Each structure stands twice: as structure tokens, then as C-alpha cells.
Amino acid sequence: MQGIGIDVGSLTTKAVARGEAGVLAQVLLPTGSLPRRAAGEAYRQVVARTDGTGWPVVVTGYGRLDVPFPARRVTEITCHAAGIRLLFPAARTIVDVGGQDSKVIGLDGEGRVRDFAMNDRCAAGTGRFLEVMAGALGVEVGRLASLANASGREITISNLCTVFAESEVISHLAQGVSREDIAAALHRAVARRVHGLAGRVGLEPEVAFTGGVALNQGVTGEFARLVGRPLLLPKEPQFTGALGAALLAGRGPGESP
Amino acid sequence: MGQDAFRQALAGNGVPRGGAIGYLCSYTPEELILAAGLQPVRLFPPGGPPGPADTYLQSFACPFARGCLDAALRGEWDWLAGVVFPYTCDSLRAVAEVWRMYLPARSLFFINLPLRVEGEAAQEYAAREFERFRRWLEGVAGGPVVADAIHSAVRLAGSLREALAGSGLAGRPFLEAAMGAQVMDRLAALELLALPDEAGVAGGTRILVAGGALETPVVLRELELAGAAVVGDDLCVGSRYVALGGAWGDVPPPNPVAELARAYLARLPCPAKHPAWRRLDALLEQVAALRAEGVVFLLQKFCESHAFDLPYLRAGLAARQVPSLALELEQGTLPRGQTRTRVEAFLETLGGGDRR
């Protein structure tokens, strides 16, 4: 059944319209300081592209509680589970690293959420951490991974706190450590942090990695090394939550993902 | 029922201040305080920004202990005639030591309780400590604390606990009544509980909350907003306070202090005491009796006692197909957005999918 899913994240808002044939339209907008407005704009755009007026809507993400259109609210946990189940039916563990939080979701054989863990009130191991560090290194966040690829020496970022880690990065720079080595160390720090979080849920194969940070090959590569196996990576990982939301919108409330 | 009066009491209004003895833990034998003609007042940190306690406490002391010391150092509890700390956790012990050193004008008593609550030796030890406490209370009250007075106090406190247990209240209204009763004149609280019940049963997914001390029952509102109906608790400030066994008949026992010590050690232990397995059994019994669909642990940040038991309890619950979620309290509150996501996701997993 047709449905629209909207994921109002801390940095970006994503919308997906889905029909019997699959994804019909998708949009990605910056959330900005007004998540309600971003959600409304994403909805307007995706409806305009699909003539989806009146389609059921599920909204997820941190901005899900206040949207300017009728919608069912479902958490990111359940939506990511639904999205990954659609993309990778064999997945039993989902790692979702977004702008301001990271989550690890354990699935049972039917794709239902059996357990989950989230980062605790701290930006370590999130996209925001990488953004702040990219700022300290003076590069675009999208260039961090390629920078790290050129690393020739292993160093360690000891601090988990984003603010302290930024100070540590500045100290390394002041001591002449290369930006490449620092970038690689930052990726290891994020991957280790998320790997620790995953331990609370249990890392059962197959492991899917999603959320915006899945676009960073430095983090996913390091995480795959820690897990000891290749990861299932969506082509457009930032849309997984919205895709799952669209899927759930096409189903009735209470139906399993 | 007088929910407003209980809420008012928790806000500090109408709390009797004459001859008040503050206490910080449900292992305090409030009956002895009542028997001394004094007023037992359970102390809940009033909240607010971090204060002078940071100067004295280690960074990993729990926010509840820190909040208590902040209130004491700010002089907010200067009206107390004395304060009593039963030994449960190291954070509150640290608060007691700082309190003793920096607030010497406030009379303070520390009850050393055994860690292992089973066995004759533990009972003898606790009885000696309770007897020492009785004598301290005589000094504060300026008169003897006699067996008949202890007997009457046990009957009054027992009636109050029975009234709370039989009130039909659950969740936030129950905690308002139980916590409010612990700061009020006990007879007045008993009379409030006799009034007709105004509280309805909230709808939602049936959840049992477990943990230690809460600063305020309002924290349960975050769970309710996410769609949970809190149907029961295993909290130090709630059902563990209420569930003190050993109701006495008309004839006082030969040694009332020792009998009281026996009752306190026989109650369901908190995680600072051993053995822990009784807590798991009690949780499972409560889950079954209340038809709870899951358990939410509310833990004070840095609370080692509860955190130590948590993996054992969660594994034990999971083995019986009882899902659980752990949330951390900081300065008496839960972070709204993150808590909402965690609790809603937890409730979604209980339903096998989303429900809204």
C-alpha cells in the first residue's frame, strides 16, 4: 500500500513516498532551527512529486512530535528496523549513526526489534562529533574519510567527550601531527565508541550500518574491522528511517515491521 | 483521596517542622522517631542548579546524594532537629560525613546496618544499632522512648502502610501519596488515604518501574507521555517503603526494638543489601500479579548499587520473557526528547511494532 515516511532528524529531514512498485520519490532538506517547518516542506515536496495527497503518513526522528499534517508517530528505532528489513532481510543487527545520536538495534528472525541501545546524552560517536572535529581540522566533513585514507601513522584520540576531543585534536595539530593521522584516529574513536554500544545489545550477523555517518567510509571501514566481517551498507543510508516510516505508513498501526 | 494535599506536602507546604527528624532512606525505623514524640520527615532533594556540594563530593556521587548535600549546605533543612542516615550506599555515607563535619550544629545519627540481611548475627547487630538509635532519640526528645510508645508507633506506621497498599493507587498517584505521607504528619496522611479515591486508571502499555530513590514522582510523567501506564513499582520511595512486614497485634512483643529490627531486615532488600536474588523473584512476582508487559528501571546516575544489580536483574527478567529498559536520572529529571524516544521505542517493541 502507498505511504509516506518522513524522518525529521537533527541535521536533515528526509521524506520518502512509496508505492507498490517501491520508492516513488524522496527528498532531503536541512532541518534548520524549525523542524516543524522542515517536516511540512518535505511533506509538501514529496506529495507534489507523487500526487500523494491523502496517503497515510508516518513521521519519525526527533522532530516527530510536532508536524503540521496528520501523521502517525513511530520512533526511529522501529522505522530503521523496518527500512533495513526491507533492504537486507538477513540483517540481525542495525547500527544507525546519525547527526546527534547513535543507536544499535537487535532484530529477531522476523525483523522485530528485540533490544536496542542508544548513546547517553553525549555526542561522542555521532555525526556531530565528526562535524566538530572536521571544523577543528579545517576540512569539510565529507572529506574526512579521504583525508584519513592518507594516514601513515597510528595515533590515538583518548577523549570520548566531543569538547575534550576537540581540544585534543588542537593539541595534536600544535605538536605537528598530520591532519591525516588525526582524521584516521577520529574514525577509530567513533567506531570504537559505537562498537562498545553494540556490545550492550549483542552483535549478531549480519550487521547493517545506516544513518548519515554510513556515508563515511572511514568509520564504516573501521567498524567492519572491529566486527570482523563486511557490513551491509544501504546505497542511501540517510533515507533508511524515512523508508521504514513509509513502509509502516502503508501498513496499519500495530503491524509488525 | 487527598492527592493535592500529598502534592502540597512534597512541595514543602504543611510539613510539620517542630521536632522533625530528617531521614534519607527507607531503612530508617521511623517508628522509633514517632515513639520519641518526634516527626519523621523523609528528605527529598528540592532540585535546582548544582550548588556547594560539588566542593565536597566526588564527581561520581549520585545526583540524589549531591542534591541532599546541596540542600543541607544551603541551609534549606536548618529547621530539622536532627537527621539520620542508615548505612546503605557509599554516596549517602559520604554525605553523612560531610554533613557531620561542615554542619556540626545539626544533630546527626548514623545507623550502621549489616550488608547481608539474613541470619541471626545480622539481626542481633541491627537490633543493637536500633537500640543505639533509640537512645539517641531520647537525647533529642529529652525523654524516654518506652515500649508502649514504640508499640503505638508501629501500629500507626503499619496502618499507614496498609492504607497505602490498599489504596488502589498505582504509578504517579501512588508515589505522590507514598512520598507525601513520608513527609507529613502520619495521622494526617492516614486520614487523607481514607478519603474517596479520585484517581482513575491511566490507559497505555502496562509498565512496572523499579529502582531506588526518586526526587519527585513527577519524573513518571515522562513515561506516561510516551504511552506507558505505570501499574506498580519496586522503588525505595514507593512500594519498598510500604511493604514492611511484621504487623503487630494488640500485645507488644517482649523486645520491641529487636522485633522492629527483625522486620526491617526481613523486608525486600534494596540493592545495597544482600542477597540480591530476592529482588529478582519479587520483581517477577509483581510483573505477574500486575500483568505488567515490561519493566523500566529508573536509576540515579552513578548509582553503583543499582547498576551492579542491573545486568543480573535484566537477564533474569529476559529469561522469563519480560523485556526491560534502563533510564538514568540526573538531578531528578529525565532528558525529555531522548527519554521519549527510548520509552516509545521500548513500548513499540512490546507491541511487536508501532501502536500510534
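In chain A, 16 residues of domain 1 are in contact with 26 residues of domain 2, where contact requires C-beta atoms, placed from the backbone, to lie within 7 Å. The model is predicted: local features need pLDDT of at least 70, side-chain atom pairs count only at pLDDT 80 or more, and totals for chains, interfaces and linings use all residues. Residues are numbered from 1 along each chain as its sequence is written, while chains are lettered from A and ligands numbered from 1 in the order in which they are written.

Domain 1 of chain A comprises 1-88 + 236-257 and domain 2 comprises 89-233; such bounds come from an automatic or database domain assignment. The centres of these two domains of chain A, taken over C-alpha atoms, are separated by 25 Å. On the side of domain 1 of chain A that touches domain 2 of chain A, helix α2 (residues 76-87) of chain A gives the most, with 7 residues. Helices (H or I, at least four residues) and strands (E, at least two) are DSSP runs, numbered from the N terminus.

Strand β4 (residues 57-60) of chain A is covered on both faces. Val57(A) and Val59(A) lie on one side and Val58(A) and Thr60(A) on the other, and all are buried, that is, 20 or more other C-beta atoms, likewise placed from the backbone, lie within 10 Å of the residue's own. In a regular strand the side chains alternate between the two faces of the sheet. β4(A) runs parallel to strand β1 (residues 3-8) of chain A, joined by 4 bridges, and Ile4(A) stands opposite Val57(A).

Chain B is assigned domain 1 (3-152) and domain 2 (206-351), with 22 Å between their centres, taken over C-alpha atoms. Each of these domains of chain B gives 31 residues to the contact. On the side of domain 1 of chain B that touches domain 2 of chain B, α4 (63-73), α6 (120-141) and α7 (147-165) of chain B give two or more residues, and α6(B) supplies the largest share, 7 residues.

The axes of α7(B) and helix α12 (residues 256-266) of chain B come within 10 Å and cross at roughly 30 degrees. The two helices therefore count as roughly parallel, a class for angles under 35 degrees. Axes are lines fitted to C-alpha atoms, for helices over the stretch in contact, and angles run from 0 to 180 degrees between N-to-C directions. Ala147(B), Ile150(B), His151(B) and Val154(B) of α7(B) meet Pro256(B), Val257(B) and Leu260(B) of α12(B).

Technical notes: Two residues are in contact if their C-beta atoms, placed from the backbone, lie within 7 Å. Angles under 35 degrees count as roughly parallel, over 145 as roughly antiparallel, 65 to 115 as roughly perpendicular and the rest as oblique. A residue is buried if 20 or more other C-beta atoms lie within 10 Å of its own, exposed if 12 or fewer, and partly exposed in between; C-beta atoms are placed from the backbone. Two strands pair if DSSP finds at least two bridges between them.
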